[in-house]
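User: Got a model open here. Can you walk me through its packing?
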Amino acid sequence: MKTLTEGKLRGLKALSDENGVISALAIDQRGSLKKMISAASGHEASQKEIEDFKVAISSELTPYASGILLDPEYGIPAARVRDENAGLLTAYEKTGYDATEPGRFPDILDQWSVRKLKELGADAIKFLLYYDVDEGEEINERKHAFIQRLGDECKAEDIPFFLELVSYDANNDDVKGKEYAKIKPHKVIEMTKEFSKPEYGVDVLKLEVPVNQAYVEGFAENDADVIYSKEEAAKYYKDQSDATDLPFIFLSAGVSAELFQEELQFAHEAGSKFNGVLCGRATWRGAIEPFAGESEEVGRKWLQTQGKKNIEDLNKVLAKSATPWFEKVQK
């Protein structure tokens, strides 16, 4: 069982509801969000347009969330207008990864440190790492050392460290395809084990679900697409949960709000002891077209109706399916 210091405990509580479940919004997207807004508006999105969209998300939806994940590049105005009861989780990585060499290596933001993000008002720090457990030892050892340094920096500032892990296969770029779906459980479960080790100093893991639900019996569009039976998929969810003693939360990975809720229900029924979510596009993606294509007023109206419904529906699922993180820590 993990022991939390006073500062880390305070930060986790700030990002959770009264039951110890994290029901947070994620809108730390940068490059991908710029592309989505540009496509909807018909012109390249400006800094202000991206900031304004994040402000709308934060002001309209944080009253229904336990916290919000933002980036310091576009998200500072949004952080200032969040609901007073919503905690602030701040991204520390540069968007994307280094594509000039193999390994999808990450980097931290040039202008920021954990101390500066804490002074900005962050209750916790989030870092995204792309990881292939089967990639070369030299590549993965570099990543291990990198994450150890981040863990030490968060320890020094006594602030929670959320590590977001996104799996991939160095030999297959199609992570949505059938071939990758066959090996995804191995990739996700093994990286969950690796970064649960105490030397990384991680406090909360932000994880993918361990299967591609589109290939699960009962979820696949046709029988030819079925890779996992329901029983097999459920075992992978349970194995992922058993692979860590850390609090962990699920990311929505761009799936629809409905499918994400179904995944969480499936996880619960499988015996997964997950502790909440950081839900991004599944909550707010539908607001981009009205916001950027029509007007801020129309976009906000979508957030006030469908966006609010997406979060409230998700919160209902979490109330029945998520486990309090304080069952996994010592104070």
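User: Which residues have the most contacts inside the largest nonpolar core?
Analyst: Ile147, Leu163, Phe195, Leu205, Phe250, Phe260 and Leu264, in a core of 49 residues. Such a core is a set of buried Ala, Val, Leu, Ile, Met, Phe, Trp, Tyr and Cys joined through side-chain atoms within 4.5 Å. Buried means under 20% relative accessible area (1.4 Å probe, protein chains only). Helix α9, residues 257-270, gives the most, with five residues.

User: What's the source?
Analyst: A predicted model: local features need pLDDT of at least 70, side-chain atom pairs 80 or more, while totals for chains, interfaces and linings use all residues. Numbering starts from 1 along each chain, and side-chain values use heavy atoms, without hydrogens or water.

User: Switching to Asp203. Buried or exposed?
Analyst: Buried, at 2% relative accessible area. Asp203 sits in the loop between α7 (178-194) and β7 (204-207).

User: What does the Asp203 side chain reach?
Analyst: The backbone nitrogen of Phe161, at 2.8 Å. A polar contact of 2.6 Å also joins the side chains of Asp203 and Lys8. That term means N or O atoms within 3.5 Å; within protein, one must be able to donate a hydrogen and the other to accept it, and residues adjacent in sequence count only if both atoms are side-chain atoms.

User: And where's the kink in α7?
Analyst: At Lys184, about 45 degrees, shortly before Pro185. The bend is the angle between axes fitted to the seven residues ending there and the seven starting there.

Note on methods: Buried means under 20% relative accessible area, exposed over 50%, partly exposed in between (1.4 Å probe, protein chains only). Helices (H or I, at least four residues) and strands (E, at least two) are DSSP runs, numbered from the N terminus.
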